[in-house]
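Dear colleague,

Please find the structure below, followed by some notes on what was found in it.

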Amino acid sequence: MQPSEVSGIQYLVPSNPSPYSPHFSMNQSNKPALDSNQFLNPLYNFYIPPQINDISPHSSCISSNSTSDEADEQQLSLIIERKQRRMISNRESARRSRMRKQRHLDELWAQVVWLRNENHQLIDKLNHVSESHDRVLQENNQLKEEASELRQMLFGMRLGHPNSTSVNLDDVALEHGLS
């Protein structure tokens with residue numbers, strides 16, 4: 001409170017203007033003496049002075065309360081404004097967080113799609129290689145069988161002909177359709 005705001009103060013004036021407490025009195029030797037009534041009456045300690053004086057006729061309670069109320073309102077307004085700014089900031093932060101989460105989720109889905117495509121391509125390639133492998137195995141088995149048959153024919157020709165060197169292998173292959 002500033003000095004210019006003070007327009008009136010109320011104060012109490014004791015009925016006994018002595019500088020000592022009302023429980024003490026001064027005797028002839030100017031030494032304080034203890035009042036014995038304070039021990040006998042329990043309400044004696046609750047002494048209420050009878051006079052109330054005003055410094056000025058205008059009451060200052062209204063003006064000091066109004067400035068105090070204005071300060072309280074400004075402080076409350078400031079608190080409300082801070083809460084609103086914090087609420088807006090929190091909402092914006094939550095929105096950014098949701099956007100980051102959505103972006104991350106989109107990236108993960110794109111990665112899932114890419115990995116699935118890659119997986120399908122690898123499975124197709126594996127199937128192709130497996131089919132090729134099976135064909136090669138079948139051809140290899142056929143060639144082995146043909147080679148075995150040719151050995152048996154060659155062996156049979158050698159046994160059937162006393163002069164095996166005169167037998168032409170190309171003629172034998174033509175007879176059996178192996179050309």
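This is a predicted model: local features need pLDDT of at least 70, side-chain atom pairs count only at pLDDT 80 or more; totals for chains, interfaces and linings use all residues.

Residues are numbered from 1 along each chain as its sequence is written, and side-chain values use heavy atoms, with hydrogens and water left out.

Arginine 95 forms a salt bridge with glutamate 92 at 2.4 Å, N to O, the term meaning a side-chain nitrogen of Lys or Arg within 4 Å of a carboxyl oxygen of Asp or Glu. The two residues are three apart in helix H2, and so about one helical turn separates them; helices here are DSSP runs of H or I with at least four residues, and strands are runs of E with at least two, numbered from the N terminus. Glutamate 92 also bridges to arginine 96, with the closest N and O atoms 3.9 Å apart, so that Glu92, Arg95 and Arg96 are linked in a network.

Elsewhere in helix H2, arginine 85 pairs with glutamate 81 in a salt bridge at 3.8 Å between the closest N and O atoms, and these residues lie four apart, about one helical turn. The structure holds three salt bridges.

Overall, the chain has three helices and four strands, in the order β-β-β-α-β-α-α, and buried residues make up 5% of its 179 residues.

Best wishes

How values were computed:
Buried means under 20% relative accessible area, exposed over 50%, partly exposed in between (1.4 Å probe, protein chains only).
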